[in-house]
Amino acid sequence: MSSPKKRRILLIEDTVPLAKLYIEFLRADAHEVVHCTRGGEALDAAAASPPDAVILDLKLPDMDGLEVLQALHARDPSVSVVIITAHGSIDLAVEAMKLGAFDFIVKPFNADRLNLTLRNALERRTLARMVEGYRKDLDRGRFHGFIGSSPEMQAVYRTIESVAASRANVFITGESGTGKEVAAQAIHRASPRRDGAFVALNCAAIPKDLLESEIFGHVKGAFTGAAGDRPGAALLADGGTLFLDEICEMPFDLQSKLLRFVQTGTVSPVGSGREERVDVRFVAATNRDPLAEVQAGRFREDLYYRLHVIPLALPPLRDRGDDVIEIARSFLIDYAREEGKSLSAFAPEVEARLRAHDWPGNVRQLQNVVRNVVVLNDGPRVTLDMLPPMGGPAISSPDASASPCAACGSPAADEPEEDGAVQPLWRVEKDMIQKALRLTGDDVPRAALMLEISPSTIYRKLQQWRVADARGTGESAA
């Protein structure tokens with residue numbers, strides 16, 4: 001069993017015989033005692049090696065004891081200072097207490113009195129440091145790209161700090177727009193791999209026949225169009241972090257190859273027989289329930305357990321309280337600066353509306369709303385009439401009865417239907433997807449957010465329609 005760490009005690013006493021007596025008193029608790037006879041000498045010693053507690057005589061030959069106390073506290077507010085004083089200077093000792101001293105002892109005193117006071121002083125320092133640590137956590141409004149002071153986000157920050165130093169794989173879950181890539185980058189930045197590469201790959205945004213090459217790379221001639229050797233994300237992330245976003249969209253047959261990579265740490269480029277060893281830390285993410293995907297047979301169970309070592313669940317914006325206002329204010333300042341606008345604050349009723357909204361698209365949706373406001377308006381502050389239609393229900397607000405958002409494809413945005421005018425389901429689906437793409441300027445992730453579907457669904461449908469058009473059928477495959 002290891003012995004407890006010695007506490008460093010700085011004794012400032014100009015009378016050497018008394019100092020030797022006090023050192024003997026402190027021998028029982030096995031403290032490391034540093035003795036100084038002058039104030040300046042003591043401040044130099046404290047700067048060189050900060051003490052856990054200080055025993056300070058107020059009568060010193062070169063400085064006033066109160067000056068020494070103030071200098072010590074200016075350098076380290078948590079240090080506990082015990083004043084030793086004669087009867088005639090009790091008023092001065094009380095003044096020292098007002099300036100932050102922990103306690104005072106009147107000379108003469110015995111060993112028990114000194115040691116008891118010192119133990120209390122050291123315990124107070126320990127508690128003060130703990131409280132300061134908790135306070136910093138609670139007051140932490142920004143963390144490696146995240147904005148938010150809510151308890152939910154403080155828990156996220158603590159988890160990231162805890163797992164960052166390890167090599168364990170992390171599996172991030174959360175709704176679209178909650179900041180899964182921000183979390184992956186935070187893990188990388190807080191880790192010993194921070195100087196290595198952070199490589200992000202969105203498994204939903206890459207056609208499945210190209211995804212294997214994107215991950216593992218390929219050699220010249222491996223397939224039509226492979227004009228030269230190309231390293232994949234695995235090799236590019238060597239020594240760093242590989243972030244696999246929307247991992248549940250990965251084709252099932254490719255999952256076995258990824259599993260082997262995770263197990264062995266080796267990759268084989270497409271078209272090559274050689275294997276290369278790489279050192280990467282895996283961070284995966286999905287907006288789905290990964291275990292439900294396993295149970296449905298769409299995601300390999302063995303791969304799930306290889307990647308799902310440390311789970312990290314990101315809360316939706318609607319569950320983060322006033323974080324929505326902190327984030328919106330930050331976006332407003334940044335975008336106003338970019339656009340050369342004077343907008344710098346939200347009217348109280350606007351903040352109430354933002355706080356009450358459900359935010360189905362989470363932080364990404366809030367970001368788009370604030371950018372829309374800044375681009376289209378100007379003035380000292382944002383008013384209600386500047387807000388664009390946001391769509392989705394409100395959490396609890398009289399404004400929840402506002403008209404539906406046309407951009408979300410709600411019935412209010414469409415022409416009234418005639419009796420008996422029923423179109424095939426594939427046509428309705430195609431019309432809605434095309435409409436969302438028009439409204440977003442062919443931005444597939446934003447269109448998917450509007451339609452509350454995965455981006456991969458849109459990519460797949462677009463491919464099906466191109467094939468159908470080439471065949472001249474004009475219809476969509478199921």
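**Cysteines, a buried aspartate and a helix pair**

Modeller: Start with Cys-203. Its sulfur lies 9.4 Å from the closest cysteine sulfur, in Cys-248, which is too far for a bond. Bear in mind that this is a predicted model.

Biologist: How many disulfides does a search of the whole structure find?

Modeller: The search gives 0 disulfides. A disulfide needs two cysteine sulfur atoms within 2.5 Å. Cys-248 is in no disulfide, since its nearest cysteine sulfur, that of Cys-203, is 9.4 Å away.

Biologist: Are Cys-203 and Cys-248 buried or exposed?

Modeller: Buried means under 20% relative accessible area. Cys-203 has 3%, so it is buried. Cys-248 has 7%, so it is buried too.

Biologist: Now a loop residue. Where does Asp-52 lie?

Modeller: Asp-52 sits in the loop between helix H2 (39-48) and strand E3 (53-57). Its relative accessible area is 17%, so Asp-52 is buried.

Biologist: Which residues is Asp-52 in contact with, leaving aside its neighbours within four places in sequence?

Modeller: Asp-52 is in contact with Arg-7, Arg-8 and Arg-125, and also with Val-79, Ser-80 and Leu-122.

Biologist: How are two packed helices described?

Modeller: By the angle between their axes and the distance between the axes. Take helix H13 (residues 323-339) and helix H14 (residues 348-356): their axes come within 9 Å and cross at roughly 120°. H13 is therefore oblique to H14. The crossing of H13 past H14 is right-handed.

Biologist: Which residues in H13 and H14 meet?

Modeller: From H13, Val-324, Ile-325, Ala-328 and Arg-329; from H14, Glu-351, Leu-354 and Arg-355. The residues of this contact divide into 4 nonpolar, 3 charged and no polar.

How values were computed
Residues numbered from 1 in each chain as written. Predicted model: local features only at pLDDT ≥ 70, side-chain atom pairs only at ≥ 80, totals over all residues. Heavy atoms only, no water. Buried < 20%, exposed > 50% of the residue type's maximum accessible area, 1.4 Å probe, protein only. Helix = DSSP H or I, 4+ residues; strand = E, 2+ residues; numbered from the N terminus. Contact = heavy atoms within 4.5 Å. Axes fitted to C-alpha atoms, helices over the stretch in contact; angles between N-to-C directions. Parallel < 35°, antiparallel > 145°, perpendicular 65-115°, else oblique. Left-handed = near helix turned anticlockwise from the far one by under 90°. Nonpolar A, V, L, I, M, F, W, Y, C, P; charged D, E, K, R; others polar.
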